[in-house]
Amino acid sequence: MAEWENKVRKAVPYTPGEQPKEKEITKLNTNENPYPPSPAVKEALEELNYRDMRLYPAPDAAELVSAIAAEYKVKPESVFVGVGSDDVLSVAFQTFFNSDKPVLFPEITYSFYDVWADIYKIPYEAIPLNNDLTIDPEDYTLENGGIVIANPNAPTGIFMGMDAIESIVKANPGSVVIIDEAYIDFGGESCLPLIKKYDNLLVVQTFSKSRSLAGMRIGFAMGNAALIKYMNDVKFSVNSYTMSRAAIAVGAAVVKDSEYYKGTCAKIIKTREHAKNALTRLGFEFPDSKANFIFAKHSTVEAKKLFEELKKRKIYVRYWDKPIIRDYLRITVGTSTDMQKLTDALTDILK
Ligand code: PMP
């Protein structure tokens, strides 16, 4: 090791799902939306003047912030925007998790939380799930430096009702509670109404899933104006211009067309329920997902084998060779044609 390497900040990075280069694959591994985004995206991009790209974008992304505020009926001071919800969550970790006490999150959850905790040197405690993979709100009453919960949880897809979320927020007035609602539009109910009642609740959402814009990188958070101010202070201490001109214009246009994304979400929910029946017939078990993926375990065949066999047939799903979850595949809900290809392939593999 070179001497300078002693001074390097060493990180164990998050591993995102594969983005294979080959064409004609069935991609059910990163929870992208199988449908294109609202046509409002095309118009917004056409209206962008390439000559303006020489100018910095608005540092406050006010056009996007106001459009989100109007859609969700909150004040613009209650909205923070970032480069996907990963950026928003990362800023929230830096801002709110600054204590010697451990931040709490479920043992099985979005695997970026422990990566951010490590890079920002935040102590944390991963709380085991119940045997049925649900979260017990009672477990989140320990002394802590903050709490983060994905709802629906990932990769289980299990949704926790607003009463359970409220009990966690209420029990922890001394900490910020972050609820990561990346998948909320696929059948859950947002806890957003609670931000009026609790000044320690931050609700994080994204345009990547229900609004089909993973490639544009737009995420947002809503909470009490004081929370948002603290996040902006941290953000403006790192990078003034996180949102590009394109992201601001596209995001503002898309948020005004909520009818469109509600339609594609309804199709995905229908396909998901259909896929659940097909998977049950093939011998799989899974928690009742309210997200755009199904976390499925086969009664006899190992998940790793299924993952590899599917890949040979150009069908990509997600598999983690990790304790507790190594028997499961996380299958993104695609179009009904995608799901038919998946169940046909599984039928062939399992015969
Ligand atoms: N939260 C959860 C639970 C996720 O699964 C993801 C997607 N990987 C994200 C946040 C981040 O998504 P994005 O940065 O695209 O908004």
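**Entry 1: loop and backbone**

I began with P155, which lies in the loop between β5 and α5; helices (H or I, at least four residues) and strands (E, at least two) are DSSP runs, numbered from the N terminus. The model is predicted, so I kept to its rules: local features need pLDDT of at least 70, side-chain atom pairs count only at pLDDT 80 or more, and totals for chains, interfaces and linings use all residues. Residues are numbered from 1 along each chain as its sequence is written, and side-chain values use heavy atoms, with hydrogens and water left out.

I looked up the peptide bond from A154 to P155 and found it cis, with omega near 0 degrees. The bond from N151 to P152 is also cis, with omega near -5 degrees. I placed P152 in the loop between β5 (146–150) and α5 (162–171). I noted E24 as well, which is not a glycine but has a positive phi of about 55 degrees. E24 is in the segment before β1 (26–27). For background, most residues other than glycine have a negative phi, and most peptide bonds are trans.

**Entry 2: the ligand**

A polar side-chain atom of D180 is 2.7 Å from a nitrogen atom of the ligand. The side chain of Y110 has an N or O atom 3.1 Å from a ligand nitrogen. For S208, a side-chain N or O atom is 2.6 Å from an oxygen atom of the ligand. On its own the ligand has 400 Å² of accessible area (Shrake-Rupley method, 1.4 Å probe; for residues, only the protein chains shown count as cover), and the protein covers 91% of that area.

**Entry 3: pockets**

Where does the ligand sit? I found it in the largest pocket, by the test that more than half of its atoms lie within 2 Å of the grid points. On a 1 Å grid over the protein atoms alone, a pocket is an open set of points with protein on both sides within 12 Å along at least five of seven lines, a cavity is a set where a 1.4 Å probe fits but cannot get out, and lining residues have an atom within 4 Å of a point.

I read a volume of about 1000 Å³ for the largest pocket; points are joined across faces, edges and corners, and a volume is the space filled by probe spheres set on them. Its lining has 44 residues, with Y14, Y110, S111, F112 and R318 nearest the centre. α3, β3 (103–106), α4 (113–119) and β4 (124–127) are the elements that give two or more residues to this lining, and α4 gives the most, with four. The lining comprises 22 nonpolar, eleven polar and eleven charged residues.

The second largest pocket holds about 220 Å³. I counted 13 lining residues, of which L48, E63, R245, I248 and A249 lie nearest its centre. Its lining has nine nonpolar, no polar and four charged residues.

**Entry 4: cavity**

I found one cavity of 30 Å³ or more. The largest cavity holds about 40 Å³ and is lined by P37, S38, R211, V254, D257, Y260 and Y261.

Notes:
A polar contact is a pair of N or O atoms within 3.5 Å; within protein, one must be able to donate a hydrogen and the other to accept it, and residues adjacent in sequence count only if both atoms are side-chain atoms. Ala, Val, Leu, Ile, Met, Phe, Trp, Tyr, Cys and Pro count as nonpolar, Asp, Glu, Lys and Arg as charged, and the others, Gly among them, as polar.
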